[in-house]
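Me: Please take a close look at one part of this structure, and then describe how the rest is arranged.

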Amino acid sequence: MQQKYVDDTSEEFLRLGNLQETAVNDSHTLRNKLFTSAAFQKAKSELLSVTANAAKSARGIRGETSPEIRADYLKELAALGKMKGRDPFFSYLSTGLGSGPYMELLDGSVKMDLITGIGINFFGHSHPAFMEEILEGLTSDVMQGNLQPGFESEEIIRTILSHVGPKSRLKHGWLLGSGTMANETALKIIRQKKHPATRLFAFADCFAGRSTAMQEVTDNPKYREGQPTYNEVTHLPFYDPALGLEKSLAATLAAMNESLANSPGKYAGMMVELVQGEGGIRWAPREWYVGVFEAAKKANLALWDDEVQTFGRLETLFAYQHFGLEDYFDVVTVGKLLHACMALYTEDMNPRAGLVAGTFTGSFAALRTGRRILEMLTSDGYYGKDGKISNLSNHFKHGIEKLKSGTCAGLIGEIRVIGGMVGFGVLGQTMDDTKKFLMRLFENGVVAFYAGHDPYVVRCLPPFGVMTKAYIDVALEVIEITLLQLKS
Ligand SMILES: Cc1ncc(COP(=O)(O)O)c(C=O)c1O
């Protein structure tokens, strides 16, 4: 495919977000003296400037440098596959340098990244604000832990708690090394509080991670093949638009009440993804959630909202704000785009000492960057009905709809778009067809992934933090070209 630059929109992503005053006073420290010194500032700005210049060349989709380099690259990938015992999904090995939504690969090609490591890089690649955070963490140790946190831990927890909203009861935050560990922590906190009740309600098609406990919460038997299950989780029917609000709610409540009646005193909590990511970009109307959560509260269940994938990505910082469900949740878990994972919980749910710990909380660079991400997200017009996320989301959605009713008629199926979570079915919406599309899309220069099942959808978690409508138009053009190639 021809090289395609989009320089007309290129400066958009260079905005750094407004730095907010922090409560941590480090003006007396050696560290502060170093980082504010003229010598450090000069070195930093030179490094940022050479990096930004180098990154500029990574703007726009392009192919590999040469067939020879490509052949070597494929050998490297095959070696990696051999070491891991499994070939990678895509022929993807990044160099770590990129620009906005673009990422350079080791064969010299540049791809537009619409899946961002399944939702990590919301602000794209080589973002100057992140490079700055990494540089300012330069002389620190590499990892922080629970026993010896740096002030970055304090800052990121304080910042996120300052954004939970006035109606939320969340008061505490605990840093964990992954979304799965945040979820493990959520479950343990709930069980300790509700002891001796242990059982959990979750929803059909949900995803919670891959630990022994979370693979049971996750509603996908393929992800726990050969593993024991402990009969601790009941999957209730999720909202079914085909049934409509009333019937769908009644079906879920009937299943829930039956389980409660069959196992009195055994259920401790309920876990929900307000927008199912892995499950295929599915969500319910607010009224459905209210109906289910009111019943859960009546049954004295703790409510846990898994926002590992949704956090930051909808028209509000927390997905529960998007749905107006602030006051319901006892525990909320976040991760992915924050570059740090956390369990947030109410005063009432605060566990007793000893239940929660762990060596790593995150790297200095990741925790610094996570705090910066919170600042950027909340100070730069991303949220609200007319915010950047909403505008980009609508543009993407209308673009796919236009393809569906135009040049790609018969090639696009269901379209599910909410904020920065984009799903659309392609061809026969089977796994094989979706994979075929994703592989060809990748060859054509755009990286996306899949979600759901029967029907499968193409899943994009695009770097809306650095995207403009012009970038989305490039993505749509490549989607269109790919579908038309597969048609012929
Ligand atoms: C909703 C949800 N919960 C939990 C997880 C697990 O997070 P991690 O992969 O960081 O362990 C994921 C990851 O995709 C997720 O989407």
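Reply: Strand S6 is joined by 3 bridges to strand S8 (residues 267–272), and the two run parallel. The model is a predicted one, in which local features need pLDDT of at least 70 and side-chain atom pairs count only at pLDDT 80 or more, while totals for chains, interfaces and linings use all residues. Residues are numbered from 1 along each chain as its sequence is written. Helices (H or I, at least four residues) and strands (E, at least two) are DSSP runs, numbered from the N terminus, and two strands pair if DSSP finds at least two bridges between them.

Arginine 199 stands opposite tyrosine 267 in S8. S6 also pairs with strand S7 (residues 233–236), in the parallel sense and over 4 bridges; here phenylalanine 203 stands opposite leucine 236. S6 spans residues 199–203 and is mostly covered, with 5 of its 5 residues buried. (A residue is buried if 20 or more other C-beta atoms, placed from the backbone, lie within 10 Å of its own, exposed if 12 or fewer, and partly exposed in between.) Both faces of S6 are covered: Arg199, Phe201 and Phe203 lie on one side, and Leu200 and Ala202 on the other.

The domain assignment, which is automatic or taken from a database, gives domain 1 (7–134 + 384–487) and domain 2 (143–379). Their centres, taken over C-alpha atoms, are separated by 26 Å. The contact takes 32 residues from domain 1 and 27 residues from domain 2, where two residues are in contact if their C-beta atoms, placed from the backbone, lie within 7 Å. On the side of domain 1 that touches domain 2, the elements giving two or more residues include helix H5 (128–136), strand S15 (412–418) and strand S16 (421–426). The largest share of that side, 4 residues, comes from H5. The side divides into 15 nonpolar, 12 polar and 5 charged residues; Ala, Val, Leu, Ile, Met, Phe, Trp, Tyr, Cys and Pro count as nonpolar, Asp, Glu, Lys and Arg as charged, and the others, Gly among them, as polar.

S15 and S16 run antiparallel and are joined by 5 bridges, with isoleucine 412 having valine 426 as its bridge partner in S16. Their hairpin has 2 residues between the strands, and glycine 419 takes a positive phi near 50° in it.

In the largest nonpolar core, which has 130 residues, Val331, Met342, Ala343, Ala448 and Ala475 touch the most other members. Both domain 1 and domain 2 give residues to this core, so it lies between them. Such a core is a set of buried Ala, Val, Leu, Ile, Met, Phe, Trp, Tyr and Cys residues joined through C-beta atoms within 7 Å. Among the residues that alanine 448 touches, not counting those up to four places away in sequence, are Leu114, Ile115, Leu438 and Cys460.

Finally, there is the ligand. It is surrounded by 15 residues, of which the closest are Gly179, Thr180, Gly209, Val308 and Gln309; a residue is near a molecule if its C-beta atom, placed from the backbone, lies within 6 Å of it. Helix H7 (residues 179–194) gives the most to this shell, with 3 residues. The shell around the ligand divides into 4 nonpolar, 8 polar and 3 charged residues.
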